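Please work through each task with the structure at hand before reading its solution.

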Amino acid sequence: MQIWVDADACPVVIKEILFRAAQRAKIMTTLVANQLLWVPASPFLRALQVPSGFDVADSRIVQEVMAGDLVITADIPLAAQVIAKGAHAINPRGEFYSRDNMAERLSLRNFMEELRGSGVDIAGPASFGPRDQQAFAAQLDRFLAKNA
């Protein structure tokens with residue numbers, strides 16, 4: 001198993017949690033982004049820079065991910081693609097994506113996109129806070145204990 005991180009929009013605190021978890025569990029963790037990223041020196045961490053462009057990082061993750069891997073992303077379409085390949089996905093707020101909840105999440109995402117496209121002003125997600133950080137760390141720990 002490997003961990004893949006959709007790192008362009010991943011909060012720094014989540015990356016730090018992942019760095020520690022990769023070291024502790026000795027799991028290869030790859031951060032994928034279209035910008036240069038820093039990762040601590042470790043045989044279990046690497047940064048993969050992809051060219052700029054719409055969904056280039058997402059496409060690379062989908063290309064590389066294997067069944068059983070874990071992907072960290074807030075991107076619902078990316079989560080749907082990796083789940084279809086037999087991988088797992090968690091968002092930075094600690095919400096686990098699954099085959100059971102993916103159709104609902106995609107529908108809601110598409111509905112919100114339509115509303116925004118028609119000019120309806122919709123507030124974005126709440127700001128990322130300590131409770132989200134704790135929920136992510138707990139979900140990651142549970143997943144690694146069960147799957148590593």
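**Exercise 1. Determine which residues Val62 is in contact with, leaving aside its neighbours within four places in sequence.**

Solution. With contact taken as heavy atoms within 4.5 Å, Val62 touches Leu78, Gln81, Val82 and Lys85. The model is predicted: local features need pLDDT of at least 70, side-chain atom pairs count only at pLDDT 80 or more, and totals for chains, interfaces and linings use all residues. Residues are numbered from 1 along each chain as its sequence is written, and side-chain values use heavy atoms, with hydrogens and water left out.

Next, locate the residue: Val62 belongs to helix 2. Helices (H or I, at least four residues) and strands (E, at least two) are DSSP runs, numbered from the N terminus. Val62 counts as buried because its relative accessibility is 17%; buried means under 20% relative accessible area, with a 1.4 Å probe and protein chains only. Finally, the C-alpha atoms of Val62 and Ala87 lie 9.7 Å apart, although 25 residues separate the two along the chain.

**Exercise 2. Describe how the axes of helix 2 and helix 3 are arranged.**

Solution. Two packed helices are described by the angle and the distance between their axes. Axes are lines fitted to C-alpha atoms, for helices over the stretch in contact, and angles run from 0 to 180 degrees between N-to-C directions. The axes of helix 2 (residues 56-64) and helix 3 (residues 76-84) come within 9 Å and cross at roughly 10 degrees. Helix 2 is therefore roughly parallel to helix 3, a term for angles under 35 degrees.

At this contact, Asp58, Ile61 and Val62 of helix 2 meet Leu78, Gln81 and Val82 of helix 3. By class, the contact has 4 nonpolar, 1 polar and 1 charged residues.

**Exercise 3. State the order of the strands in the sheet, and which elements helix 1 lies across.**

Solution. The sheet is open and mixed, with 6 strands in the order 3-2-1-4-5-6. Two strands pair if DSSP finds at least two bridges between them. The edges are strand 3 (45-49) and strand 6 (96-97), each pairing on one side only. Strand 2 (residues 29-33) pairs with strand 3 in the parallel sense over 5 bridges, and Ala33 stands opposite Gln49 in strand 3.

Helix 1 (residues 12-25) lies across strand 1 (3-6), strand 2, strand 3 and strand 4 (70-72), at about 150 degrees to strand 2. Its buried residues include Ile14, Leu18 and Phe19. The buried residues of helix 1 pack against strand 1, strand 2, strand 3, strand 4 and helix 5.

Terms used: Angles under 35 degrees count as roughly parallel, over 145 as roughly antiparallel, 65 to 115 as roughly perpendicular and the rest as oblique. Ala, Val, Leu, Ile, Met, Phe, Trp, Tyr, Cys and Pro count as nonpolar, Asp, Glu, Lys and Arg as charged, and the others, Gly among them, as polar. Buried means under 20% relative accessible area, exposed over 50%, partly exposed in between (1.4 Å probe, protein chains only).
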